[in-house]
Amino acid sequence: MEEGRSDPKEADNKVEVALSVEKVRQIEGSGENNVDEGKKVRSLLRLFMACMVSGGIQYGWALQLSLLSPYSQTLGIPHQYVSLTWICGPIAGFVVQPIVGYYSDRCTAKMGRRRPFILVGCLIICLSVMLIGFSADIGRRLGDTKEHCSATTGPRWAAAAVYIVGFWFLDFANNTVQGPARAMMADLSAGNHGPNVGQAIFCLWMAIGNILGYTAGANGKWHEWFPWLKTAACCDACANLKGAFLTAVILIAISMTVTLLLADEKKLDKADVEAASGRGCISAFGDLFKSLKNLPPSMFKVLAVTAVTWLAWFPFLQYDTDWMGREIYHGVPQGPKQDIYDAGVREGAIGLLLCSVCLAVTSFLIPKLCRKLTSKVVWSISNFMVFGIMTAMVVVGLISTKGYNTSFTASLTGPDPTLKAVALTLFALIGIPQAVLFSIPWAIASEVVANEDGGQGLAIGVLNIAIVVPQLIIALTAGPIDKAFGKDNTPAFGIGGAFAFICAVLALVLLPKTRGTSNAAVMGGGH
């Protein structure tokens, strides 16, 4: 073969070899991509399961929201004082979350920073719900009336005292778990999956917990399935509450175990903790208020809008099922119309179940909406929705009771079918802005302070102030307002609607433009 010329067959062979090598590289690259994709899916699934405890806690919280305001009135606590039983929530949030957040940022236990607090909190929750469920029986043994529960119309103060103690422990334990659970979710999702995925997972578990919890609360068959739940001090509604809370103990135990096993927390080095701070408990509040002092100006705007948002929401969270039992079903917690009231409370729990379904669906749409419209626009729209729904609830309540005409409602033994359908629709629709309430405030706050030093636990404590203060205000003022107007739940809902409108405007004016792109997201809870 002459120099400078190549054999055509040899050239063809070289081309075939080159193509083969390229094909092998493509296959290897494809295999690597498949492996990476598989790891990502497994990591996401593990992250999802590691957050299961939030679903268990939300199950108990759903029962608390749907059943305890009505139940407290069956123990003889007057309607205008029911809000005072909820005062423990904001106090626990203000006191417990900063302390737990501080120590969970610095915990050096072998099982990690957050899991020890989740374990202890869940155990206390289980004991608390048992105390609440059996409060009527304990009160009877402590000296309450010996009348059968079906004939009792007066106060049962011993049972009410036991109930309030259990309620307070439950709220303190909820705050012990929720802060570390949110912080752990932020720890595990930061840098790998991003805030939008974390928000969706957290909201989904909350929705699952709500759906199961409200389903249990709406079930009126617990006393039939487990007849031993009924006693002389505890009739049908009370026995149903017992059954629902017993399932809460089981589900919380299961979800806690899964979270403790799957959350891949690393032990914190003691040297790092000593270098960060050594002042102990008092420094939790010191660091909290120092953080407030050093926050960027835009963060104060976030805190202000968050506070007004919760002023709008807390009346609904406190009185939702009571409104269904009183204004729509025309029942009362004690006396001849107690069964009608209990039926309305269960119907309210069904409404909250529909609310949770809407919340779950909306939680997947929020990231896309925030990227398209910005977070502050989505937040504002959600508050306009709350304003419309609260206003509609006031109008429906007034129509149903003919302006709270007692002579008219005294003869009624159930709801108007059309008004009941409207009420259930309103309950379902409020799940859309509730998905925003449980995610966007935390995501915006995390983006604003993303470049600031400090642990996620303490960051949650800072935002928590903007939640507990308005809850405290509503808890202290709702009762006197109710007593002054004498219109059951209408005044509280009217006030909530007014605050929702104000907040919708403030969100557009004050909030910074964010789109949920930070890697340091913290998700809100239901408490």
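**Exercise 1.** State how many helices and strands the chain contains.

*Solution.* Helices (H or I, at least four residues) and strands (E, at least two) are DSSP runs, numbered from the N terminus. The chain has 21 helices and 0 strands. This is a predicted model, in which local features need pLDDT of at least 70, side-chain atom pairs count only at pLDDT 80 or more, and totals for chains, interfaces and linings use all residues. Residues are numbered from 1 along each chain as its sequence is written, and side-chain values use heavy atoms, with hydrogens and water left out.

**Exercise 2.** Determine whether glycine 243 is buried or exposed, and describe its surroundings.

*Solution.* Step 1: glycine 243 is located in helix 10, residues 236-262. Step 2: buried means under 20% relative accessible area, exposed over 50%, and partly exposed in between (1.4 Å probe, protein chains only). Step 3: glycine 243 has 3% relative accessibility and therefore counts as buried. Step 4: a contact means heavy atoms within 4.5 Å; leaving aside residues up to four places away in sequence, glycine 243 touches Trp222 and Leu229.

**Exercise 3.** Describe the position and the contacts of arginine 115.

*Solution.* Step 1: arginine 115 belongs to helix 5, residues 115-133. Step 2: the relative accessible area of arginine 115 is 10%, so this residue is buried. Step 3: residues up to four places away in sequence not being counted, arginine 115 touches Met184, Thr259, Leu260, Ala263 and Glu265. Step 4: a polar atom of the arginine 115 side chain lies 3.0 Å from the backbone oxygen of alanine 263.

Technical notes: A polar contact is a pair of N or O atoms within 3.5 Å; within protein, one must be able to donate a hydrogen and the other to accept it, and residues adjacent in sequence count only if both atoms are side-chain atoms.
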